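Please have your viewer ready.

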Amino acid sequence: MAIPLLGWLLQPAGVAAQRGRPPEHGGLTESIGQPPRWRWSGGLGAGGWFEGPQNEFMARAELGVQHDLLGPSIGLLSVVFEGYAGYRGSDPGGGFRAMLRSGYMGAGVGADYDTELGRVNLLVRLETPVQRGGLFGSGGMIRVNWYPMETHSFTLGLSHPLGQPRAGKTRPLEEKIVVALEFPAPIPYQVRDPALDAVLDSLRGSAEWIRRTVVPFLDQDARDTRTAEARMAASVDELASRLSRRSAEEEVRWFHAQLDLAFSLAAADIEAGRRAAAEARALLLHEVLLPYNGLLGRKKRKDTLVELGIAARGRFGRWVAGSGVIPHGRVEPVLYVYQALLESVNELRGRAAKEWDDPRLVWLPLQYALLPEDHDTQAEIDALIERAAGQRLAAGNQVWYLANLQFHWELLRMIRETKDYHVLWIHDFPAVTAAGGLDWASFSQVVDGYLTTLAERVERYDSTGSLPTYFIFLDQHYYEVRKSRIWMSLLEDPLTASSTLPGATLEQTTKLAAVLGRLRRAVDSSRVLQAEARQYSSAWLRNRIKVHVNITYQADPSFWGGGLVSSLFGYPDNLMRDHRKLAFHDVSEDDPYRGTAIYTGMGVGEQYLGSSWEDRSLLVRGPSLLDLKREARDLLLSQGIAPEEMPLVFRERTASPQGNPPVEAKARVMTLHNRTGYEAKPLNVAKAILYSLLPPGSVIKVPDSLWNSMFFAGLLTGASCRGVRVLIVAPALANAPSAGFPQMIRAWELASRLVAVRARLGPVLARVGGQLRIGLYALEIHDDAFTDRVKAWQTSFAGTPFLRDLMPFAESLMPVARWAAARPGPDSAMVGPSYPKLHQKVQFFANRAAWDAMVVAPEWPEFMRIYLAYRRTTLYVTGEYRDARSGPDQLEAMARRMYARVLATAGPRAAAYAFVGSQNQDYRGMFMDGEVGVLLTGPETLVALVDLVFLEGAVVWLDDQATVDRLLRRPGEWERRLARIAKDAV
Amino acid sequence: MKAAMLVCVAAAAAPSAARAQLGELQFGIIGGYGSAESYRGGAGLSIAVVPGRIAYLGARYVYHWGSTTTIPGNAADFEIRSWSETVSADLGLQFPIGRVELVIGASLGSVRFQQNRLQLLVPETPSETTEAWEFLVAPSVAVYFRAGRLLIAPEFQWGLAGDPDFPVHVSHRGPAFYLRVVVPFEIDRIRQ
């Protein structure tokens, strides 16, 4: 008994053998599996026993097991049972313990029965990992056992997890990225020239106003709401005053004129100065601004631009000295100007970090290096996004924009069509509903999808010789909350699992038993499988006929960040979750068009389906999917899977694409992953580029279910100051899918402040044609989910002049709306009002050239008709699989026609983008959680647009605080403070 | 001292920072009266950090002059003087209620009790002073009023100190009232 136990405790991750071979040749596929219900640990400690006639030395070895009671994914509360043995003085002894422990707090308290003393003692335990990943990088902790009632006797020692080979390996060891590595101190240039210094002073002043204009800070705190809002008002008034004298664009042009002047003075030659300024801008952009901004949302160490600046200065110095443009005697003054420019930008970085109270939120305006004409076309903005985010906008993709229920259907279709492998990478796969029953949507995916498909493929195995390999990547948080262990245990071992599940109806149990029986019969009947199992073992067979479950980001108390010393006053990485939601299959380097992927904002489960939930997905086929294998590989590596354990389908390989793209595959797509925790966050960067650079006259629409990021709100306010028309939509309290008080208070603060900002900036916005509209999605369904939406749209557009001005095609849509309003759906017999939840994370962007051409397209009525028909199809739950692709196909075709007209009218100056993905507009999404987003350009953006046009019909646009207070509850002061403390995590 | 006061005044008068999350740093004086014989009138210093204006993390030092009593002796009466010094950490939660802030918490720390015994009418007899350090827990409630740049905080506390082993027993537990006058400074958040 002891030897097998020891072997299990000390086993390495996975089984070393059979890893390099494909499954069909006897190889095993490695997976993380599910978190254990009971976790073992061992410890060694020594200390003093002071209760007695004399002080005694004490040494003990401990073996314990713990079981989570509350919040397993963050280690909120667990029960621990332990035994120990050792010496007190010269006497051997031992005992048992039972404790309540909070891994989150790093503390526990309980009873210690000492067999030698024959009594129970109070025990208090403190544990800390000392360093990220714990002692030895394997989750070990410093452990203090304290007996406060026994004259403060104690032991100090180490503890170590047992049987958890990935402990200490599931998060990055560094929480901060080093901005400035070691660098030699450059020799500063010294120039005495009062005229030059005056110009540089002017340049610095202008740079500060550019910073405040591009990302105005709106999140001022104070001892109460009124004082905080007064501070914000004062700051905005200063900005408004400045902008009334010099517009945002004029400020940027002034800055660059001063830069040209400074270099011209330094070079004593106007033309040479201009060329030097151009070179300086290019190097500033590529060596300093873009690399630094690429760290948006990440913690930073040695946060200074000096090292980046040295690279820029070095290259600039080389150009100055070697180009022959700068007169020989003027090299030093020219380099002095560049030095001053870089120092100024570094000062502004520091000021922004101080103002936002967080270096993660520093965004250096690219306007320091770009003139307005440098970022007003699709090609220019594309290039900047690609450079900043480090990703390509891949051409030749096919895209379908999916509404609501179609995600469920497409996921089923994907699972059933999979030939080689399929990955479901999701944050929620619920087993039970709030009412205690089995979640029918998950049941459908498990039974109709995975198990039925496995059974069918096994039945054909003797002739085909192939079986698909299924993977599920599911974050531990909702896995625990929604009792997903029920599904995962079934899928991990369908050959022996029981068909009796908690909460299942008789019909469900019967159906499950039937499909499990079918699968097992198929396995038993397969001569090839049975022959292979005899060769490769029954373990191989179980590994072959299963879904490979990977519960990711399992609780690991050895990872903390932000602590003063070790984990003291820190917060655990366990708070950071993988919020990515996507699925893909058969993506292959050989043929980029073989597989497809769905990117979505929703999870599996019935709560996401039906008319009470607004969510969108994107189905993609094409070369942009190739990154997914890398992301899956990196996820598994980050979770402690060793490279040699990596499932073959995810391993890196190079191949020349063989497949021909379908004729329709023309979409340009960039897939961006914010990795979980302290890793790269390119999705933030791409958004910030678009918010901060779209030129005057552009339109930006940003609805979101968790609109809490004051930083993004600041960028969008800055956009409106440039003359961009910005429409921000958040859910009203009744329509919020995540309506916890910290989230809603931050949403209230954001809405309140934007309403105030809009009023204070009114004249400035009017002058440049900008708009800053904040609205709340406040839809109330009384009769029919579809027709009520249509009627709300009719009423809203008829009564909202700015919408009709912005979208002059709206009038032409009224007949279509009347047609749709007369076609209720199948569940029109609804009882009582319902409040659909706004959960979709779709954003739309167009510059003036594109927008002006879009809004006059004559196809709008037909476009809206197709859209409404499709929405009606995907709004009502039937529980049955449907092929609804004709809707997205028609929408895509229409969008291509319309966009061809846009290009014909506006030419290459037209720029349009759309984002679809999982990231919310909150700090949690920016700083902590894993997120995925797809950036589209071109025709496909129009499908997102028609969707958002319809969504805006359910929005109450905010002009006054009373409406904000009515639709979002005004918080009490204590709640406001609590929400502000928790703002990074909500 | 004068320079330090000037710095404090200048800092208090400076325009507030307008960051995204502010706490307070508070420096001030504290004075009060405890009913126990070892306490009575007292005065001292108080310092606190209030992250997010939610959690109150402070420290105080208070010298209590205590009380003097006379007890009969064999040869002559004894004058017994008992006094104390409190050094404690103040932990609490701060709740805004209208225009005032309520802080509910407790002081955790030590009290240095001292007792001096002097035999009266016997000049050559040296006085004897004994001392004892005892653990202190003192639940408290305080209300902070804003008065210009200052905060004024009356506080009620119930001291539960350990029992000092003195020749003459004097009371060392019970209610106490304090008044704090502090200068608050807004500070950025401590952790990022």
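**A guided tour**

Gly47(A) counts as buried, at 14% relative accessibility; here buried means under 20% relative accessible area, exposed over 50%, and partly exposed in between, with a 1.4 Å probe and protein chains only. Before we go on, a word on the ground rules: this is a predicted model, in which local features need pLDDT of at least 70 and side-chain atom pairs count only at pLDDT 80 or more, while totals for chains, interfaces and linings use all residues. Residues are numbered from 1 along each chain as its sequence is written, chains are lettered from A and ligands numbered from 1 in the order in which they are written, and side-chain values use heavy atoms, with hydrogens and water left out.

Back to our glycine. Gly47(A) sits in strand β1 (residues 38-49) of chain A; strands are DSSP runs of E with at least two residues, helices are runs of H or I with at least four, and both are numbered from the N terminus. Contact means heavy atoms within 4.5 Å, and beyond its neighbours within four places in sequence, Gly47(A) is in contact with Glu56(A), Phe57(A), Met58(A), Phe154(A) and Thr155(A).

Next come the nonpolar cores, each a set of buried Ala, Val, Leu, Ile, Met, Phe, Trp, Tyr and Cys residues joined through side-chain atoms within 4.5 Å. Which members of the largest core touch the most other members? Of its 157 residues, they are Phe429(A), Phe584(A) and Met854(A). Setting aside neighbours within four places in sequence, Phe429(A) has contacts that include Leu424(A), Tyr450(A), Trp487(A) and Val604(A). A second, separate core has 134 residues, among them Val215(A), Ala248(A), Leu341(A) and Val345(A).

Over all chains, the structure holds 37 aromatic pairs; rings of Phe, Tyr and Trp (its six-membered ring) pair if their centres lie within 6.5 Å, with planes under 30 degrees apart counted as stacked, over 60 as edge-to-face and the rest as tilted. Trp425(A) and Phe473(A) make an edge-to-face pair, 5.4 Å centre to centre with 80° between the planes. This pair links distant parts of the chain, 48 residues apart: Trp425(A) lies in strand β12 (residues 421-426) of chain A and Phe473(A) in strand β13 (residues 469-475) of chain A. Both Trp425(A) and Phe473(A) are buried. Phe802(A) and Trp957(A) have ring centres 5.2 Å apart and planes at 85°, so this pair is edge-to-face. Phe802(A) is buried, with a relative accessible area of 9%, and Trp957(A) counts as buried at 12%.

Now turn to chain B. Here 8 strands close into a barrel in the order β1-β2-β3-β4-β5-β6-β7-β8, with antiparallel pairing; two strands pair if DSSP finds at least two bridges between them. Strand β1 (residues 22-34) and strand β2 (residues 40-50) of chain B run antiparallel and are joined by 11 bridges. Across that pairing, Ile30(B) stands opposite Gly44(B) in β2(B).

Our last stop is Ser84(B), found in strand β4 (residues 78-97) of chain B. Is Ser84(B) buried or exposed? With a relative accessible area of 0%, Ser84(B) is buried. Its side chain reaches the backbone oxygen of Ser38(B) at 2.8 Å. Ser84(B) also touches residues including Tyr39(B), His64(B) and Phe113(B), not counting those up to four places away in sequence.

How values were computed
Polar contact = N/O pair within 3.5 Å; in protein donor to acceptor, adjacent residues only side chain to side chain.
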